Number of protein chains: 2
Amino acid sequence: EEEITPEEVKTFLHQFFFYIFFSKDSLDYDNSENQLFLEEERRMSHMGFRCLEIRRWVICGLIGFLTGLIACMIDIAVEKLAGYKYFAVKQNIEKYTELGGLSISLILWAVLNSAFVMFGAIAVAFVEPIAAGSGIPQIKCFLNGVKIPRVVRLKTLVIKVFGVICSVAGGLAVGKEGPMIHSGAVMAAGVSQGRSTSLKKDFKIFEYFRRDTEKRDFVSAGAAAGVSAAFGAPVGGVLFSLEEGASFWNQLLTWRIFFASMVSTFTLNFFLSIYHGKPGELSSPGLINFGRFDSDVSSHPILTEKHATIILSFFLSSILTQKRHWLLRFSHAVLCLRYIHRPCLQVMEAMLVAAVTATVSFAMIYFSNDCQPLGQDKAEEYPLQLFCADGEYNSMATAFFNTPERSVRSLFHNPPGTYNPVTLGVFTLAYFFLAVWTYGLTVSAGVFIPSLLIGAAWGRLFGILLSFIIWADPGKYALIGAAAQLGGIVRMTLSLTVIMIEATGNVTYGFPIMLVLMTAKIVGDYFIEGLYDIHIKLQSVPFLHWDAPPTSHWLTAREVMSSPVTCFNRVEKVGRIVDVLSNTSTIHNGFPVVAHTSENDEHISVLIKSKTCLASSRLSQRKLQLKDFRDAYPRFPPIQSIHVSQDERECMMDLTEFMNPTPYTVPQETSLPRVFKLFRALGLRHLVVVDNENRVVGLVTRKDLARYHVGKDGLEELHLAQT
Amino acid sequence: EEEITPEEVKTFLHQFFFYIFFSKDSLDYDNSENQLFLEEERRMSHMGFRCLEIRRWVICGLIGFLTGLIACMIDIAVEKLAGYKYFAVKQNIEKYTELGGLSISLILWAVLNSAFVMFGAIAVAFVEPIAAGSGIPQIKCFLNGVKIPRVVRLKTLVIKVFGVICSVAGGLAVGKEGPMIHSGAVMAAGVSQGRSTSLKKDFKIFEYFRRDTEKRDFVSAGAAAGVSAAFGAPVGGVLFSLEEGASFWNQLLTWRIFFASMVSTFTLNFFLSIYHGKPGELSSPGLINFGRFDSDVSSHPILTEKHATIILSFFLSSILTQKRHWLLRFSHAVLCLRYIHRPCLQVMEAMLVAAVTATVSFAMIYFSNDCQPLGQDKAEEYPLQLFCADGEYNSMATAFFNTPERSVRSLFHNPPGTYNPVTLGVFTLAYFFLAVWTYGLTVSAGVFIPSLLIGAAWGRLFGILLSFIIWADPGKYALIGAAAQLGGIVRMTLSLTVIMIEATGNVTYGFPIMLVLMTAKIVGDYFIEGLYDIHIKLQSVPFLHWDAPPTSHWLTAREVMSSPVTCFNRVEKVGRIVDVLSNTSTIHNGFPVVAHTSENDEHISVLIKSKTCLASSRLSQRKLQLKDFRDAYPRFPPIQSIHVSQDERECMMDLTEFMNPTPYTVPQETSLPRVFKLFRALGLRHLVVVDNENRVVGLVTRKDLARYHVGKDGLEELHLAQT
């Protein structure tokens, strides 16, 4: 008979418990109040809790500060790189305008763009594919409780930041705001854990926060800090986090999130003001700045606003009907690109898009004859004369020779008459198709700025057309159009309104913006879901919405639950546990419950008296502390990697210390909305269904609830991914 | 044997069930999913739910509109009345300044003040005492789930509005903002129910919303609309509602609340702009308007802000130490006045305070020699020359001859040099003591404006003193001081920051304001609770905070729960039910559970077969529908008023249709924080504690949870009122 050393048993049990308690496809936002946890909490003094609270504040401050720094870094890097690029291309164009070799300029531009994009796409495609896109759907899922691997790792952050700098500098129709939100979230996940598994560096601090509940809270703060840095909208950031992530509102938590947001905005601001050589001037916060909208006290602009609102709201209803097709195209683009799986091809496609973007831009500049007089204030950083007369510049070139942020601002604030309607119309169309194609590329990039730009362009166009009939300030229509377009795509409501209000810096625009966003959401929802929701649905993740479908009252827990459930006894044979866990079909049914029905009591006492290696396992359990679980959080070895010998299989394990003795349960007659509410409000991972005698009859998991959905003909069941 | 007609039985049962299901001291924010409810929900089509949703939006729009209208009415009434008063007094003073009979002016002023206040105090003291004060603590309790009688009735609203007009016009040191929040909430409760019980008018609409869950949501919207109208801060309003009331965050609900807030601000704005003769000018929202704070692009004011923040934050730590005593005084004032119970005396006291306020004001104007040159822009509406030279006016008179809102604005925006430091210091002290005395009077009045005014005065004073050392804009210090003072008194955090940002109309002030509010809260909490919390504690209501006390992990449901629990069977003898319900000690232990343990099944079937009048009760139950419950909601006859004959006592009642077959339960080993979380997140009224065999062993009610509290020496048990 082979001898097992206590050390071996201990190691085995370690790995084993990690598997049992942590391996899962969804996050647990309800603290598992097992014996170890309770013992620790009970040992802690009032002072101890106060220290924890202070630590939470410090972490939130750090998150805000670091997120602000990253935003600052991205902003400066993009500005520098794009500046060099535009300068080189402009020089080249000016050189060849006279000589007549403009195709060389085109090639230079296309090559520069492709080169930038290539670096970004290579990093994303070969190193960390999860860094593609804006990352907002992933963060939404994380906050919702769906576990998506590698979303909040340091490597993802590095690739994301590098990727977004490359793709924005490469002139793609993308923004850097979405990725900021993801970056903030990763930063938060890293800082709050006090270590980096990628760097193999453990600072041995903040160990208390190594669990899903706490991590989620910090990630909320990080996402808020990201929004705050991106748009200079700290309140908007808080509301974004709440709208996308929260279910249980907690005053103190929200206040901390707000703190992180504020610190982030002001860090960004402070460093940018130093960079721009005006230290201490904090009046233009955020990566994107809509500029100052004055609420003119003269009466007509306000009336115009009213007009804008009313007319646009109706106008939108028709425009958004079209948007249905656009959105379908968006989602098709996503679908299409899912079939390009080879990283090489993905990089090639990204480069192709970059080159095409340059070509389209060039063609539009070349063929447009929209010359505008050069302003005194040098608002344009790279005025391109091209074929225009001296003292004039090509206005189409302004739109393409600028980071999209600047273009948006120009559309909002340039005085009436700056843009030719035809130029604007062609630009809108061209940029729109570029944005659709770009979306879904394997680059890190956001969709906020292209949406704002497209919206601002057609809004301004609408304003110009309207101004032929009545007096209208096209800049305000641009703002309304931008809000409508963005709202129609992302379908955010409260948070987007507040972000727009904060970015415009004027509360009085709130009402029209709110009405437009409401209209956009209602009209949009009638046709198709929002972009992020489409994204989430395509990934077939069990995403829980706010409420159960309204017509689901006739469904009960009995019909919804997974059953039969494999139960363990308090003291269980190791062999059985390994068999159950290795059986993938059981795993899929949810996490096996450690049942403690009283009928088993005799059974257990018999088992305890049996010969097995209970003693040694007890020895090892004595040493197994919460700290061990924390050190391994959140990555665990798969059960298959643990070798279990025949003797070990005969060992008995006492699960008492590790089980949650008071899980939430519901009777089997409970209606679906009631189950849903409990599940959602408490952020559960699974809910035990019991019969009248408190016997376990089933288990409700996230997937069981997420598959019900309101379709055209009432309640529908979705097919969710099995992994 | 006496014959019972089916009609009689029906009537009896009606009253009876109302008593069982609705009489309680706390509100139920968890839908009781009994058979009647489920049947209705299941009958409803998808279209039906959509119509409900539309109705909810319509109601929210109405709430916003009506709240805005009320705010507008209050504002205009106060302005008119105060205007007449000041005009009369000013005329009188000017007349007697030369003649030398200024004591007549004093008497005139005191009499006018007392007269106004008398009307207000009589209405409050004799007609509806609950309308006293700001009503914010009451609304906080309502949203928390504590039932306080008559808080959301129409009569309360009428008295509140009348009272606040009288007390503000009567020159008391009070504001009209707090009562606006209460008014909005009452409006919401009324509109959403589609009827007024006071007016005996039922519009037969919105009947679906006649239950606690729905009503609470609308009251949240009403409170938000009130804040929004008062401060022109729609986002702040939403956050106020969430901070004070919400526990479960729901995106759609929040969006509706925001809609109500927006509509309210813009209704108020629109009508006020018409009143002021500039229709369509919507740029100065809210009852109180801080005026436009520009974020000057020149660098020094921003540096000043920074200074202000840093210096004030430290300064505050010392100032707020003093505030402890002030707050103690506040609470003593409350305590003191609780002993003046006779309405006559209460009215007399209010009149006395009004007269004293006039006297103090007069004395301060009389003895101050602070003459300022009369501005060109006529910023002062009632400039009082008094003993000043021609072309000058008495600046102390400005402070007292204005509604407090205007005074706050002057302190924020008047150019440096407008105020003499000594004048300001004396004013601060005098106004402070007046405010303390006034708080707790039997008049409807808010504490926001006096706090802001005191804070602005000492903030400005501080700024002036500072400007002797470095350059400083005293107006900005006034703003910071106002935020600090208000924050120290009400201890709101996120919502107050956002309200202040929205009222100043400038996002860049957010950071300093947040820091100051944080400091104020931390320093304040160290000494004493916030004013509203003191108020709530004095009333001994079972108010649930956000989290369970951190050190309460060692308490379990077993120790916390009330037991034994009186249980009913599914089919129960009427006599027993009446006895149990009439027994006040049982009632106090919470609502008796309708147990449905399976052991009783045989027992029940035996009972069904027995001779009793089950048939007739069944007949009546057939007619008892959810509608009947709704019609009676929320006022029910006490059980004592129901006459039960001996025969009726022998009847059997089938409770199946009315009980909630799937109540939330917890095992008795559950820790207090876990019970608390479940209770708070779902807004429960009671939670059933069961043993391993699912037998009811106890009941956790709101009171059981609310009594634990963190004191100086760890966990403490509070004594809560028994009624």
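Reader: Among contacts in chain A between residues at least 6 apart in sequence, what percentage join residues at least 24 apart?
Author: The figure is 79%. Please keep in mind that this is a predicted model.

Reader: How much of chain A is buried?
Author: Of the 723 residues in chain A, 65% are buried. The accessible surface of the chain comes to about 27200 Å², and 61% of that belongs to carbon and sulfur atoms.

Reader: And how many helices and strands does chain A have?
Author: Chain A has 29 helices and 13 strands.

Reader: Let us take one helix, H19 of chain A. What span should its 18 residues have, and what is the distance between its end C-alpha atoms?
Author: Helix H19, residues 510-527, should span 26 Å at 1.5 Å a residue, and its end C-alpha atoms are 26 Å apart, so the two values agree.

Reader: Is H19(A) largely enclosed or open?
Author: H19(A) is largely enclosed by the rest of the structure, because 13 of its 18 residues are buried.

Reader: What does Ser114(A) touch, leaving aside residues up to four places away in sequence?
Author: Ser114(A) touches Met351(A), Ala354(A) and Ala355(A) on that basis. Ser114(A) belongs to helix H4 (residues 102-127) of chain A, and at 10% relative accessibility it counts as buried.

Reader: Where does Ala110(B) lie, and is it buried or exposed?
Author: Ala110(B) lies in helix H4 of chain B, residues 102-127. With a relative accessible area of 13%, Ala110(B) is buried. Not counting residues up to four places away in sequence, Ala110(B) touches Ala355(B) and Ala358(B).

Reader: Now the charged pairs. How many salt bridges are there over all chains?
Author: There are 18 salt bridges over all chains. One of them joins Arg256(B) and Glu53(B), whose closest N and O atoms are 2.8 Å apart. Arg256(B) is in helix H10 (residues 251-275) and Glu53(B) in helix H3 (residues 46-99) of chain B, so the pair ties together parts that are 203 residues apart in sequence.

Reader: Are those two residues, Arg256(B) and Glu53(B), buried or exposed?
Author: Arg256(B) counts as buried at 6% relative accessibility, and Glu53(B) counts as buried at 19%. The cut-off for buried is under 20% relative accessible area.

Reader: What about Arg150(B) and Glu128(B): what is the N to O distance in their salt bridge?
Author: The N to O distance in that salt bridge is 3.0 Å. Arg150(B) lies in the loop between helix H5 (136-144) and helix H6 (154-169) of chain B, and Glu128(B) in the loop between H4 and H5, 22 residues apart. Arg150(B) counts as partly exposed at 34% relative accessibility, whereas Glu128(B) is buried at 2%.

Reader: One last topic: in which sense do strands S10 and S11 of chain B pair?
Author: Strand S10 (residues 686-690) and strand S11 (residues 696-701) of chain B pair in the antiparallel sense over five bridges. Val690(B) has Val696(B) in S11(B) as its bridge partner. Five residues lie between the strands of this hairpin, in which Asn694(B) takes a positive phi near 65 degrees.

Note on methods: Residues numbered from 1 in each chain as written. Chains lettered and ligands numbered in written order. Predicted model: local features only at pLDDT ≥ 70, side-chain atom pairs only at ≥ 80, totals over all residues. Heavy atoms only, no water. Helix = DSSP H or I, 4+ residues; strand = E, 2+ residues; numbered from the N terminus. Expected span 1.5 Å × (residues − 1). Buried < 20%, exposed > 50% of the residue type's maximum accessible area, 1.4 Å probe, protein only. Contact = heavy atoms within 4.5 Å. Areas by Shrake-Rupley, 256 points an atom, 1.4 Å probe, with all protein chains shown as cover. Pairing = 2+ DSSP bridges. Salt bridge = Lys/Arg side-chain N within 4 Å of Asp/Glu carboxyl O.
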